[in-house]
Number of protein chains: 2
Amino acid sequence: MDTKTICLAVLSRGAASGYEIKKMCEEGVFHHIHEVGFGSIYPALGKLLEDGLVTVTDTPQEGRPSKKVYRLTPAGRIALLDALSTPPGQDRVRSEFLVRMLFAELLGARTIEDFLDNRLQFLQQRIADMENCECGEMPTVGERFVHGFGLAIYQAMEAYLREHGHEVVGASLLSERAAAE
Amino acid sequence: MDTKTICLAVLSRGAASGYEIKKMCEEGVFHHIHEVGFGSIYPALGKLLEDGLVTVTDTPQEGRPSKKVYRLTPAGRIALLDALSTPPGQDRVRSEFLVRMLFAELLGARTIEDFLDNRLQFLQQRIADMENCECGEMPTVGERFVHGFGLAIYQAMEAYLREHGHEVVGASLLSERAAAE
DNA sequence: CAGATATATATTGATCCGATATATGATGAT
DNA sequence: ATCATCATATATCGGATCAATATATATCTG
């Protein structure tokens with residue numbers, strides 16, 4: 001799934017500028033699913049424009065740089081449906097945190113404990129935020145589904161770290177003692 | 001976390017060729033954490049060699065291309081520890097499946113149901129594989145921890161899809177009926 | 001009033017990824 | 001017996017992606 005499809009998908013919810021697309025990917029439901037940076041969005045929008053899948057209206061603003069609002073064309077809507085209809089590829093995960101846990105025995109117990117605590121705190125914060133948000137207000141069933149999915153996963157992660165975190169800290173302690181002898 | 005660090009990490013478990021590093025990232029515990037392709041591994045090994053963090057022994061074989069076995073140097077081990085000691089960045093997830101669920105209302109109920117069934121089957125297969133594997137045989141605590149973490153997440157995903165999958169299918173059905181009228 | 005944050009677009013260099021090329025042994029199917 | 005496929009093994013290329021940076025200004029905060 002390339003950035004072009006993501007842009008089409010965001011635009012299917014309504015017209016938006018590149019900056020707004022980025023914001024939605026950072027803050028909204030997309031955050032848990034598929035982040036993209038400016039370096040991908042702007043070139044993607046350019047190509048979509050070339051291919052006639054979106055249009056732009058360049059509205060100059062005083063002071064600020066002119067805002068370029070992109071809109072889906074009928075061809076763009078069809079291209080989006082085509083892309084979404086193909087079977088999804090595998091999920092890709094990349095976790096620096098888990099790589100560190102994997103090699104816990106190479107690190108000090110203090111470091112591991114620190115990483116674990118931070119991660120737990122982060123997860124608890126995110127869970128609280130997601131529980132507090134008025135998900136009943138979400139416009140589509142898809143959004144509520146994905147929101148619930150994300151929440152369930154974060155809760156499972158939090159529970160696992162709470163229940164099993166001590167194992168990796170303990171292992172690191174043992175290997176430290178062994179190294180000291 | 002770049003490919004260079006991943007290569008160093010794999011090599012810290014023992015000498016290996018580029019091909020073997022790839023295999024470990026595909027099959028082993030790394031699979032759930034951080035996949036890498038040949039297009040990243042070979043250039044990364046070249047740079048590590050330049051920087052004196054690994055050594056190679058080029059052992060020619062009859063028929064097959066000669067096998068290049070890479071080994072960590074003391075400097076390489078230090079570089080690995082340095083990299084692992086820095087605080088981990090955010091996890092990055094990219095799920096084509098969830099993007100499709102997010103826009104379920106644009107797709108047909110049949111398609112959504114198909115995607116859901118496939119994903120459920122995939123998850124159940126993976127859970128079965130992970131439960132059957134003799135994780136007691138895993139050499140390090142880190143590996144067992146990460147294995148257990150992965151399993152817990154997959155189980156949470158499976159449970160959520162089983163309990164809430166019908167919601168997205170239902171929504172798609174309703175929007176189809178509305179479109180037909 | 002200074003500094004930080006938010007709005008807004010855009011580029012660049014480094015890295016990453018999927019596809020492809022090359023070469024052969026082993027296994028399995030017809 | 002022969003054909004196909006898979007596993008071993010290294011490597012590159014073009015396109016995609018990412019983090020950092022540049023530019024410009026309004027608004028909020030202390």
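Student: Is B:Ser12 buried or exposed, and what is its relative accessible area?

Tutor: Happy to start there, with a reminder that this is a predicted model, where local features need pLDDT of at least 70, side-chain atom pairs count only at pLDDT 80 or more, and totals for chains, interfaces and linings use all residues. Residues are numbered from 1 along each chain as its sequence is written, chains are lettered from A and ligands numbered from 1 in the order in which they are written, and side-chain values use heavy atoms, with hydrogens and water left out. Buried means under 20% relative accessible area, exposed over 50%, and partly exposed in between, using a 1.4 Å probe on protein chains only. B:Ser12 is therefore buried, at 17%.

Student: Which backbone oxygen does the side chain of B:Ser12 reach?

Tutor: B:Ser12 sits in the loop between α1 (3–11) and α2 of chain B; helices (H or I, at least four residues) and strands (E, at least two) are DSSP runs numbered from the N terminus. Leaving out residues up to four places away in sequence, B:Ser12 touches A:Phe103, A:Leu106, B:Leu72, B:Arg77 and B:Leu80, where contact means heavy atoms within 4.5 Å. Its side chain also reaches, at 2.7 Å, the backbone oxygen of B:Ala9.

Student: What does A:Ser17 touch, not counting residues up to four places away in sequence?

Tutor: A:Ser17 lies in the loop between α1 (3–11) and α2 (18–27) of chain A. With 7% relative accessibility, A:Ser17 counts as buried. Its contacts are A:Lys67, A:Lys68 and A:Tyr70.

Student: Why are A:Arg100 and A:Glu96 separated by about one helical turn?

Tutor: Their side chains meet in a salt bridge at 3.9 Å, N to O; the term means a side-chain nitrogen of Lys or Arg within 4 Å of a carboxyl oxygen of Asp or Glu. Both A:Arg100 and A:Glu96 are buried. An α-helix has 3.6 residues a turn, so residues three or four places apart point the same way. In helix α5 (residues 96–102) of chain A, the spacing between A:Arg100 and A:Glu96 is four residues.

Student: Which residue of chain B meets A:Arg119 in a salt bridge?

Tutor: A:Arg119 counts as buried, at 11% relative accessibility. The salt bridge of A:Arg119 has an N to O distance of 3.2 Å, and the partner is B:Asp91. Because A:Arg119 lies in helix α6 (residues 109–132) of chain A and its partner in the loop between α4 (74–85) and β3 (92–94) of chain B, the pair joins two chains, through B:Asp91.

Student: How many residues apart are B:Glu20 and B:Lys67?

Tutor: The closest N and O atoms of this salt bridge, B:Glu20 with B:Lys67, are 3.4 Å apart. B:Glu20 belongs to helix α2 (residues 18–27) and B:Lys67 to strand β2 (residues 67–72) of chain B, so the pair links distant parts of the chain. The separation is 47 residues.

Notes
A polar contact is a pair of N or O atoms within 3.5 Å; within protein, one must be able to donate a hydrogen and the other to accept it, and residues adjacent in sequence count only if both atoms are side-chain atoms.
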